[in-house]
Amino acid sequence: MADWLGPEGWQAVRLSLKVSLWAVAVSLPLGILVAYALARWRFPGHGLLNGLVHLPLVLPPVVTGYLLLLTFGRRGWVGQWLDGIGVVLAFRWTGAALAAAIMAFPLMVRAIRLAIDAVDPRLEQAASTLGAPRIWVFLTITLPLILPGILAGAILAFAKAIGEFGATITFVSNIPGQTQTLPSAIHAVLQVPGGEAEAARLVAVAIVIAMAALFLSEWLSRLIARRIRGA
């Protein structure tokens with residue numbers, strides 16, 4: 001099985017999984033907070049926040065990667081400060097995780113926001129009138145009801161992160177064993193004469209991972225929804 005893809009191919013697969021898992025894990029709490037703010041709060045700058053969240057969907061990925069490089073590169077205004085405390089993101093796998101998280105963030109937020117919109121606000125208001133703190137209302141009423149949406153958003157973000165290419169290669173380059181994710185590996189082998197067969201195998205792995213994530217999302221969402229209805 002290892003010979004079918006080759007050591008560099010499997011290394012790219014493992015790195016893609018690592019990058020995608022970290023991207024989702026780090027961005028999920030913020031995604032829930034932003035989705036809740038967009039769905040339930042009205043404040044100055046609401047439309048601006050909504051636009052910024054969805055901006056990676058409409059910007060060319062290369063532009064997003066370039067902006068990340070300007071901001072988090074060693075000479076960037078945030079990157080300089082991070083470099084001073086020993087944290088480097090540019091041309092590291094951690095930078096790939098950051099790029100993947102930003103590109104996948106709109107899909108995550110949208111799925112969670114739709115789940116929050118589906119929750120009857122009167123349920124939350126009833127708990128609040130009984131004296132429950134807002135955070136307790138969220139944890140005991142809202143959060144259980146939106147779990148399918150959170151799960152769907154997380155897995156959609158994972159699948160998007162697996163396929164992220166443009167922002168990643170611009171921000172962290174394509175270094176085998178360090179920043180070469182699955183899409184970058186496919187791009188690299190297609191530059192080599194006769195690399196079409198290896199590229200096809202990498203594409204097959206990418207399709208399997210993405211489809212498995214989508215099927216898992218659907219199955220778990222239905223399972224949680226049934227348990228909530230039966231509670």
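Buried means under 20% relative accessible area. The views below show a predicted model.

**View 1. Tyr36 and Phe138 pair edge-to-face.** Tyr36 is buried, and Phe138 is buried too. For Tyr36 the relative accessible area is 13%, so this residue falls under the 20% cut-off. The two ring centres lie 5.3 Å apart. Their planes meet at 80°, which means the pair counts as edge-to-face. Tyr36 belongs to helix α2 (residues 7-40), while Phe138 belongs to helix α8 (residues 134-163). The pair therefore ties together parts that are 102 residues apart in sequence.

**View 2. Tyr36 also pairs with Trp41.** Here the ring centres are 5.7 Å apart. The planes stand at 85°, so this pair is edge-to-face. Trp41 is partly exposed, with a relative accessible area of 33%.

**View 3. Tyr36, Trp41 and Phe138 make up one aromatic cluster.** How many aromatic pairs are counted by the rule that rings pair if their centres lie within 6.5 Å? The count comes to 3.

**View 4. Lys18 places its charged end over the ring of Trp93.** The distance from that charged end to the ring centre is 4.1 Å.

**View 5. Residues 13-215 carry a domain annotation.** An unreviewed UniProt entry labels them "domain: ABC transmembrane type-1". The span is 78% helix and 0% strand. Its end C-alpha atoms lie 19 Å apart.

Terms used: Residues numbered from 1 in each chain as written. Predicted model: local features only at pLDDT ≥ 70, side-chain atom pairs only at ≥ 80, totals over all residues. Heavy atoms only, no water. Phe/Tyr/Trp six-rings, centres within 6.5 Å; stacked < 30°, edge-to-face > 60°. Buried < 20%, exposed > 50% of the residue type's maximum accessible area, 1.4 Å probe, protein only. Helix = DSSP H or I, 4+ residues; strand = E, 2+ residues; numbered from the N terminus. Lys NZ or Arg CZ within 6 Å of the ring centre and 35° of its normal. UniProt positions renumbered as here; feature names shortened; annotations may be inferred.
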